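Here's a quick tour for anyone meeting this structure for the first time. Have a look at the model, then read on.

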Amino acid sequence: MNRYILLTLKVIVDTGWYLILPLMLIVAIVIGIQVATAGRLEWDVPVVLKTDHLPVETIDAADFHATKIVKTEGVLKLDVKLTPFLTADAVLFFCLGVSLLVGILRNAREIIASLQADAPFDLANVRRLRIIGLCVLGNALLECCNSLLNIFLFNKHIREMENMYQVKVVFGMNAIIVGLVILLLSEIFRKGAQLKADNESFV
Amino acid sequence: MAIIINLDVQMAKNKISLTELAQKVGISMTNLSLLKTGKVKGIRFDTLEALCRELKCKPGDILDVTPEETP
């Protein structure tokens, strides 16, 4: 059973490594060509839609009935004429995002390789898990910064539509929790590596 | 307090080599060599028992304790 879980993890991580990364490269090339030829870029801005005007159908049931819609999210597609600042912003966030993904996948592959070699409690794995945890936290921070920058860049232009939608502040609470759990796991692995070293120094 | 391992003394008394003792006790020569030079953190009871059996001695003949010298 354990072997199958390991194999499944390996397939998933290897798929990410061999498919997603080349895909990112293709996306980067396509966007690069689009920017070079047209000087414009399609920019996704997560928005929160105001739901006050949305009708709610009343459902007649003994146990429940609908009252209101409180939160709807969407993506506002903007066709942006690139300035040097916007280009730098797009390139920086894209590169940082890909770097974090590479960091996660590379270290995950190395951890799986150590598991297959039956030597998981190694100090190198503690370091790898820390890197993965920090990359996950970094990704959450990056998304938050990106959304804050979107507010700074675009909110003033779409203020007239404020009664319809607002630029959303992305705060990846789930990613933060996952990142913290991974950092906690790295500490457990550190303890495991210490116990292993102690055990091996007994004859 | 420091633990002193007198394995070499007992081996000399019994005229037994490291290789032979390792085979009889059932541990690797590397581990026995580490034990002999005091480079291990601890010794299992079953290893100690096997060493005592093969060297015909008591645990106190192999292990000794000395007060640590203060710098």
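## Aromatic pairs and a chain contact

A:Phe189 is buried, its relative accessible area being 18%. Keep in mind that this is a predicted model. The ring partner of A:Phe189 is A:Phe121, and the two make a tilted aromatic pair. A:Phe121 itself is partly exposed, at 36% relative accessible area. This pair links distant parts of the chain: A:Phe121 sits in the loop between helices H2 and H3 of chain A, while A:Phe189 belongs to helix H4 (residues 173-200), 68 residues apart.

Over all chains, the count of aromatic pairs is two. Here they are side by side:

| Pair | Centre to centre | Angle between planes | Type |
|---|---|---|---|
| A:Trp43 and A:Phe154 | 5.7 Å | 65° | edge-to-face |
| A:Phe121 and A:Phe189 | 5.2 Å | 35° | tilted |

A:Trp43 is in strand E1 of chain A and A:Phe154 in helix H3, so their pair ties together parts 111 residues apart in sequence. A:Trp43 is buried at 7% relative accessible area, and A:Phe154 is buried too, at 8%.

Now for where the chains meet. Eight residues of chain B are in contact with five of chain A, and the two chains bury about 680 Å² between them, 54% of it on carbon and sulfur atoms. On the chain B side, B:Lys41, B:Gly42 and B:Arg44 lose the most area, together 65% of what that side buries. B:Lys41 also forms a salt bridge with A:Asp198, with the closest N and O atoms 2.7 Å apart. The chain B residues touching chain A split into three nonpolar, three polar and two charged.

Key
Residues numbered from 1 in each chain as written. Chains lettered and ligands numbered in written order. Predicted model: local features only at pLDDT ≥ 70, side-chain atom pairs only at ≥ 80, totals over all residues. Heavy atoms only, no water. Contact = heavy atoms within 4.5 Å. Buried area = accessible area lost by both parts, 1.4 Å probe. Salt bridge = Lys/Arg side-chain N within 4 Å of Asp/Glu carboxyl O. Nonpolar A, V, L, I, M, F, W, Y, C, P; charged D, E, K, R; others polar. Phe/Tyr/Trp six-rings, centres within 6.5 Å; stacked < 30°, edge-to-face > 60°. Helix = DSSP H or I, 4+ residues; strand = E, 2+ residues; numbered from the N terminus. Buried < 20%, exposed > 50% of the residue type's maximum accessible area, 1.4 Å probe, protein only.
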